[in-house]
Amino acid sequence: MSRRKTERLLNLVICLLATRRPLSAEHIRQAVPGYDADNDEAFQRMFERDKNELREIGIPIEVHKDPWEEDPGYRIVRSAYELPEITLEPDEAAVVGLAAQVWQRASLAEAASGALLKLRAGGVQTDEAHGVLGGALELRVDTQDPSFPALWEAVRDRRAVRFAYRAAASQNVLTRTVEPWGVVSRRGRWYMVGHDRDRDAPRVFRLSRISGTVTTVGRPGAVVVPEGVDIKSMVGFSDAAVRERTALVRVRRDTCQGLRQVAKEVRPADDGWDELDVDFTDPGRLAGWIVGFAADAEVVGPPDARDAVICRLKGALA
């Protein structure tokens, strides 16, 4: 399922859950992002498909026919939608808490908030006393790696991917074709684990070393994850070769206080600049931090750290 369709279905559920009265198809068309506002026939087809898909996964959409209205209304009754009381053991609750931390900042948050704003703007009273979908939505996974969304969707869709990857040892950039098994975080870094078709073996790829666009290869459902694969264990071994290095960073005087606080040494340079020695292990993560200071910070070396910053800036410019 595409991200656009996922967002539209989520918006539709939020819309029908939040309303206190049944909504007509036309009202839903105006309130829910993703529907064609100009083509009546296309909207009707899409709306019917969406209703059927939600019903197939167990979401009860009710149809109400008001004798005083020409068109039927739709809504989701909260009592029929909500799960019964669930009791979790302490370890189960801990797992749920960790999952909530991942989804607490997710890419669907903007769509969810926008749906409620449109409802209120359209004069629809929303029931927010109990929260929508069990609480306020703020769905943005906490990672700065641009490749994360595409890889996450590829894992979900069981679809192979192709991307440019910078090797840790040689710093050469090679094109890799991988059947992804999972995406996990370890010690603040994100990794993708899967079968490398080029090497015909399982491999671990750090997301910060992926350059450019991740493209999908083949049809959804083609990737089969082998039974018994321990992704966490595979990622754990990948950290063994990581070594800490020092980057030389030039910053404008009286700026970049965050960098100055973590620097091992700060010394005056020339023309209103200072030099900082900053420890790092991953050039990509260092680059993601440095570019946030814009023209007030410049990485002098080592070369791979400087190249990572230049790559980020070129990507932003493009």
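**Ground rules.** I am working on a predicted model, where local features need pLDDT of at least 70, side-chain atom pairs count only at pLDDT 80 or more, and totals for chains, interfaces and linings use all residues. Residues are numbered from 1 along each chain as its sequence is written, and side-chain values use heavy atoms, with hydrogens and water left out.

**H1 and H3.** I looked up helix H1 (residues 3-18) against helix H3 (residues 40-56). Helices (H or I, at least four residues) and strands (E, at least two) are DSSP runs, numbered from the N terminus. The two axes come within 11 Å and cross at roughly 75°. Axes here are lines fitted to C-alpha atoms, for helices over the stretch in contact, with angles from 0 to 180 degrees between N-to-C directions. H1 is therefore roughly perpendicular to H3. The classes are: under 35 degrees roughly parallel, over 145 roughly antiparallel, 65 to 115 roughly perpendicular, the rest oblique. From H1, Lys5, Arg8, Leu9, Leu12 and Val13 meet Met46, Phe47, Asp50, Glu53 and Leu54 of H3. Contact means heavy atoms within 4.5 Å. I find six nonpolar, no polar and four charged residues in this contact. Ala, Val, Leu, Ile, Met, Phe, Trp, Tyr, Cys and Pro count as nonpolar, Asp, Glu, Lys and Arg as charged, and the others, Gly among them, as polar.

**H10 and H11.** Next I took helix H10 (residues 283-290) and helix H11 (residues 303-317), whose axes come within 8 Å and cross at roughly 55°. That angle makes H10 oblique to H11. H10 contributes Pro283, Gly284, Leu286, Ala287, Gly288 and Ile290, and H11 contributes Asp304, Ala305, Ala308, Val309 and Arg312. By class I get seven nonpolar, two polar and two charged residues.

I checked Pro302, in the loop between strand E12 (297-301) and H11. A cis peptide bond joins Gly301 to Pro302, with omega about 5°.

Which residues of helix H7 (residues 148-157) are buried? They are Phe148, Leu151, Ala154, Val155 and Asp157. Buried means under 20% relative accessible area, exposed over 50%, partly exposed in between (1.4 Å probe, protein chains only). The cover over these residues includes strands E4 (160-166), E5 (173-186), E6 (189-196) and E8 (210-217). Arg158 follows H7 and sits in the loop between H7 and E4. Its phi is positive, near 55°, in a residue other than glycine. Arg158 is partly exposed, at 31% relative accessible area.

**His195 and Asp200.** His195 is in strand E6 and is buried at 18%. Beyond residues up to four places away in sequence, His195 touches Thr177, Val178, Glu179, Trp181, Asp200, Ala201 and Pro202. I then looked at Asp200, in the loop between E6 and strand E7 (201-206). Asp200 is not a glycine, yet has a positive phi of about 55°. Asp200 is exposed, with a relative accessible area of 59%.

**Asp277.** Last, I went to strand E11 (residues 273-280), where Asp277 lies. Asp277 counts as buried because its relative accessibility is 15%. Setting aside neighbours within four places in sequence, its contacts are Thr246, Ala247, Leu248, Ala263, Lys264, Glu265 and Arg267. The side chains of Asp277 and Arg267 make a polar contact at 3.0 Å. A polar contact is a pair of N or O atoms within 3.5 Å; within protein, one must be able to donate a hydrogen and the other to accept it, and residues adjacent in sequence count only if both atoms are side-chain atoms.
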